[in-house]
Amino acid sequence: MTDFATRRAELRTRLRAQRQQFALSESFDLAQQALGRHLIAVVTQLEPLCLGLYASIRSEFNAVVALGADPTCDKLPWALPYCLRTPREMHYRQWDRKAPMVPDECNIASAAGPLVVPDVVLVPCVGHAAGNYRLGYGGGYFDRFLAAHPHVTTIGVSWSFAALGEADFTPQPHDIPLTVMVTELGVS
């Protein structure tokens, strides 16, 4: 592993541990409510034809629950990512919210509906940096999807404590900036 890859792996580990501690804190519920309000405001303003969500894992913000509780967002067509291990790629499958979620090849909850390309996609972030750059889990699934679909509007979903300074994060050629970033503190 290169020094760069090692530093990013260590950063991911540190941020995931912080996120887990945050999820156990007294302020977590209020932060979830605030992030949900900001996210709903952005999504309703964008008026997507199809919204790409994600199944939350490892103490990520649960956008499915937050948006599903809002009557305007609940009416939108939804899709969930489906990841393939070989070739390593991600696409979206329509989800009617009635059919149970099914695991993808990475064992993350997804949908069994037809393939779709959402016009607005929520992108979970382990960390985020100036310019709306995202630090993900390191698999490159979202990077590949976004490179193949540059017309998609992207909404990064992160916690404010996961903001990275220049010393921690330097964008690489494969890093694609997101359209907006939403945390419990607001939208950037």
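First, the ground rules. This is a predicted model, where local features need pLDDT of at least 70, side-chain atom pairs count only at pLDDT 80 or more, and totals for chains, interfaces and linings use all residues. Residues are numbered from 1 along each chain as its sequence is written, and side-chain values use heavy atoms, with hydrogens and water left out.

Start with helix H1. Helices (H or I, at least four residues) and strands (E, at least two) are DSSP runs, numbered from the N terminus. H1 covers residues 3–23, which is 21 residues. From first C-alpha to last, H1 reaches 30 Å, close to the 30 Å expected at 1.5 Å a residue. That expected span is 1.5 Å times one less than the number of residues.

Which residues of H1 are buried? They are Arg8, Leu11, Arg12, Leu15, Arg19 and Phe22. Buried means under 20% relative accessible area, exposed over 50%, and partly exposed in between, with a 1.4 Å probe and protein chains only. Seen down the axis, the buried residues of H1 fall within an arc of 105°, so they line one face of the helix. The arc is taken from the directions from the helix axis to the C-beta atoms. The face turned away from the buried side carries exposed Asp3, Glu10 and Gln21.

What do the buried residues of H1 pack against? Helix H2 (28–46), and strands E8 (127–129), E9 (133–135) and E11 (163–164). Contact here means heavy atoms within 4.5 Å.

Now the rings. Rings of Phe, Tyr and Trp (its six-membered ring) pair if their centres lie within 6.5 Å; planes under 30 degrees apart are stacked, over 60 edge-to-face, the rest tilted. The count is 8 aromatic pairs. Take Tyr92 and Phe145: centres 5.0 Å apart, planes at 65°, so the pair is edge-to-face. Tyr92 lies in strand E3 (residues 89–95) and Phe145 in helix H5 (residues 141–148), so the pair ties together parts 53 residues apart in sequence. Both Tyr92 and Phe145 are buried. Elsewhere, ring pairs link Phe22, Phe28, Phe61, Trp159 and Phe161 into a cluster.

Last, the sheet. Two strands pair if DSSP finds at least two bridges between them. Here 3 strands form an open sheet in the order E9-E8-E11, with mixed pairing. The edge strands are E9 and E11, each pairing on one side only. E8 and E11 run in the parallel sense over 2 bridges. Ala129 has Leu164 in E11 as its bridge partner.
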